[in-house]
Structure formats: C-alpha cells, structure tokens
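This report concerns a single model, shown below with its sequence. Please keep both at hand while reading.

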Amino acid sequence: FSPQKMTLTLALVTLISAFGSSFQYGYNVSVINSPAPYMQDFYNQTYTDRYGVFMDKNLQTLLWSLTVSMYPLGGFFGSLMVGPLVNNCGRKGTLLINNLFSIAAAILMGTSEIAKTFEVIIISRVIMGIYAGLASNVVPMFLGEMAPKNLRGAIGVVPQLFITIGILIAQILGLHSILGNAEDWPVMLGLTGIPSVIQLLTLPFFPESPRYLLIQKGNEEQARQALQRLRGWDDVDDEIEEMRLEDQSEKEEGQMSVLTLCTFRGLRWQLISIIVMMMGQQLSGVNAVSGEMLRAVRVLHGPLLNTTLITFAGMTCCAPGIWSLIPFCLFQVFIVESLGRRILLLAGFGLCSRDCLWDLQLCDSLPGPIPFVMITEMFLQSSRPAAFMVGGSVHWLCNFAVGLLFLYMEAGLGAYCFLIFCAICLVTMVYIFFVVPETKNKTFMEINKIMAKRNKVEIQTEKEELMDIHTIQAGQAEKKEISNSDL
C-alpha cells in the first residue's frame, strides 16, 4: 500500500481512546500515593468510630497493602475478560462498556468518606484494576487494527504517552495545596470518572475496527465505510483485499481460545516472544520504583550525594510519570516508524541492563509501549484477543509480583537487588536480538509469513494452494481412468 497520512478522524479516535482509557490507567497508578497518610488516618478513624478502639497497627498495614495491591490484581482479572468482550461486543463496544467500571468506582471512592466506609475504597481499587486491565489491552488492539501500516507504531505509542500524562497529573493534583490533603483526597479519587464520561459521550460517533467488522462480523459494507472515514478517501480496495486474505488464511482455525493458542504450533514463537517481552518489561524493575527504591538510592550513593541531590535524582530518574519523560514519549511517537520496533526494544533493555538504577525511567519509555504494539502486529484476527489475554495477564501478574516481593528483595540484598533486574533486562535483550523480527511498515499477513518460517509451518493460504493442486491432479487422474476404461 502507498504511505497514508493521519486523518482528522483517526487522530480524534486515537486521542479519545487514549485519554478516556489509558490516561486513567496511569492516573490510578499513583493517585493514592500523595494522600496515603490522610487515607490511612481515615481508615483508623472509621474503625475507631465503629468499635471504640484504635485499629491495630498490623491490621492497618494489611488494609493499606490491600488498597495498593488490589489494583494490579484487578488488572489481571480485567485481562482475562478481554477475549470474550472484544469478540462479542467489538473493540469500541468493549471500551464503552469498560467506562461503566470506571464511573462506578469513581462514585464509590468519591463518596467513601461521607459514607464512612473504607471497604469500598479497597473494592473500588479492584474495579479500577479490572478497568485498567481491559483498557491496557483493548486500546492498543483497537488503535492497531484501525491504523494504516505506516502509522501503526506511532499510533500504538500514544496510549503510553497518556499513561505517563495520567501519572503526572495525579502527582500534580496530589500536592498538598491542591487535592492531596485531609479534606480533598476523596475528590482526587473521584475525578477518575471524568475521562470515562467524556469517552462514553464521544466514542460512539466514531467507527468500529474495520477488521472486526469484516473478519469477525462478516459485514464488508460497514468495514468499507469505516475504512473510508478513517482514511479520508473512497479507494480502500487494497486494505479490504488484505483483510480478505487474512480471513481466508484463518477460516479453519476460527476464534482461538487461550488454550488453543498455547498449544498451536503455528504461533509458538509469537506467543513465547510476547511472554518474554511482557515479563522483561515488568521485571526490569521499573514498577518497583517508589519510596523504597529511593531509600536504595541513598544506600548506594549516600556518601557521594547530598540530600537535595538524592531527592532530585530519585524524582527525575526513578519516579514514574516525571516531567522529563513526557517529551521523550512524545518524541517516540515520531521515531518509532523511522527507527522501528526492534531498535527501541533493544535500546530500552540495553540501557536497563547497563544501569538499572539511573536509566530505569528512560528504559521504560523506550520499550514500554512496544510489546502491546507487537501483540497487535504478530497475531492475526482470530488469535489476537487470546494473545492480548495472555500478554495482559503476564503484564499484570509480574506487576503484582514485583510490588509484593521488592520490599523483601531490598531488605535482603539492599541496592544489589538491581543486579537481578539487570540480568533480566540483559536476557530479554538477547532474546529480542535473535528471535523478534522487525515489523514496521509490514502488513499483518507479511508479518505472519515471517513468523511462519520461524515456526516451520505453512500459512493457510499456501495450504489452500496445495490442496487446489492436489484436487486438479486427482481430477486429471480420474479422467484418465475413465478414458482407459472406455478403451
């Protein structure tokens, strides 16, 4: 296909999807960090009002740990819901349904202080985790299926940009002079529902994924109309034909379940690659960056740095969502199509393996969004939902594991725990170098052919051609037999 330009419709649907979904993912990562002391005081005061005694310190620690950890655990549950929802409700339909989770959680969290119940905050964190688990998988799938091949990488980076912006906005609103205080923290938690309301009101005016409409719903006319709106012109026959070829190559498989995907030889290396990249991204140590990691910075560099410099270094190099990352993420939107996916993955994990302390922020910005882009590109329509379920589950489980185990790792190893993250990054980089192909500016079918060679299988279209040859040969043989019998 000829290179295609960004149209207004495609730009708007990208921004609305990313702001309404990915932004909230990032916002809820750090929204409870600043008001944590006031929320814990609320937990204790509520318990005292109910039972007439102060809350036990161990119980308070447990409840707060649940408040923090329920978010990634909910993300895992949300990832498991991706396949059934996107196959039955569509990509756009799933995003619209997902908004209901966010709005419900925002109402519960925003009214928790008035209702004098801390339990709903914990429950709401699970609900928001489910929302984030769905959003983190469905948005890349939705945008990747709508984007032309020459813009797929750039558009695929946009959700990561909005995740970062969401984290930053939560940090700004968390300042004591704004909303991070004893009176306003419920408002800060409740604001998460506003982007969902905006998305719920605007996204219905934009088209559904054309690939979903044609390949899964069998409605070529709607798919053609959606493509025409997204591309800005009427001649979309080339893309329609590419979708037909993809549909023909997958007719025998149908919609794959996770179990089928895990046992299907033709997608073996795609599946392994996604699992390795997702694990490498989360186990690189990026999500372990927090106040505990800042203490590790002090252990490692305390004799060399004064307190002000340590604090600044910890904020700029370790804390997620810091100011310096946003321009870099924005820059990545423009370079991902010129440099390609592999170089960004290799550069990101290479920086992590070189120095897992100071470059954690940069390495996350380089490979962070690419694994989700690669899931869209390395899997075809029938296997893509199941692939996102597997990749998303690995993403959130590793996130949960790092958050749960890092404190013990730091207690046992101190700053040397970063050597474990370094080794993981190095192994991931080596795997990507030898196994993962470059996918930029390639159609889904072209990528499928590349991976078919690695899996040592024939893709379905080639099988059908062989079957046609055998059918012709069998017909010719049958005719010869008939003519011989006549003689």
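The text that follows treats salt bridges, helices and surface patches in turn.

The model is predicted, so local features need pLDDT of at least 70 and side-chain atom pairs count only at pLDDT 80 or more, while totals for chains, interfaces and linings use all residues. Residues are numbered from 1 along each chain as its sequence is written, and side-chain values use heavy atoms, with hydrogens and water left out.

**Salt bridges**

A salt bridge is defined here as a side-chain nitrogen of Lys or Arg within 4 Å of a carboxyl oxygen of Asp or Glu. Across the whole structure, 12 salt bridges are found. Among them is the pair Arg 152 and Glu 377, with an N to O distance of 2.9 Å. Arg 152 belongs to helix H8 (residues 152–173) and Glu 377 to helix H21 (residues 370–378), so this pair ties together parts that are 225 residues apart in sequence. Helices are DSSP runs of H or I with at least four residues, numbered from the N terminus. Both Arg 152 and Glu 377 are buried; buried means under 20% relative accessible area, exposed means over 50%, and partly exposed lies in between (1.4 Å probe, protein chains only).

Two further pairs join helices H12 and H13. In Glu 220 and Arg 244, the closest N and O atoms are 2.6 Å apart. This pair links distant parts of the chain, with Glu 220 in helix H12 (residues 220–231) and Arg 244 in helix H13 (residues 237–249), 24 residues apart. Arg 224 forms a salt bridge with Asp 237, where the closest N and O atoms are also 2.6 Å apart. Here Arg 224 lies in helix H12 and Asp 237 in helix H13, 13 residues apart. A network of salt bridges links Glu 220, Arg 224, Asp 237, Glu 241 and Arg 244.

| Residue | Relative accessible area | Class |
|---|---|---|
| Glu 220 | 28% | partly exposed |
| Arg 244 | 28% | partly exposed |
| Arg 224 | 18% | buried |
| Asp 237 | 43% | partly exposed |

The expected span of a helix is 1.5 Å times one less than its number of residues. For the 28 residues of helix H7 (residues 119–146) this should be 40 Å, and the end C-alpha atoms are 40 Å apart, in agreement. Helix H7 is mostly covered, with 25 of its 28 residues buried. The 22 residues of H8 should span 32 Å, which agrees with the 33 Å between its end C-alpha atoms. Because 18 of the 22 residues of H8 are buried, this helix is largely enclosed by the rest of the structure.

Met 451 is in helix H24 and is buried, with a relative accessible area of 0%. Its C-alpha atom is 9.1 Å from that of Val 436, 15 residues apart along the chain. Arg 454 also has its place in helix H24 (residues 444–455), but is partly exposed, at 36% relative accessible area.

**Surface patches**

Patches consist of residues with over 30% relative accessible area and no salt bridge, like charges being joined within 9 Å and nonpolar side chains (Val, Leu, Ile, Met, Phe, Trp, Tyr) within 5 Å. Arg 454 contributes to a positive surface patch together with Arg 265, Arg 268 and Lys 456. A nonpolar surface patch of about 420 Å² is made by Leu 413, Tyr 416, Leu 419 and Ile 420. Tyr 416 is placed in the loop between helix H22 (384–413) and helix H23 (417–435), and counts as exposed at 59% relative accessibility.

Notes: Areas by Shrake-Rupley, 256 points an atom, 1.4 Å probe, with all protein chains shown as cover. Lys, Arg positive; Asp, Glu negative; His and termini not counted. Charge placed at Lys NZ, Arg CZ, Asp CG, Glu CD. Helix = DSSP H or I, 4+ residues; strand = E, 2+ residues; numbered from the N terminus.
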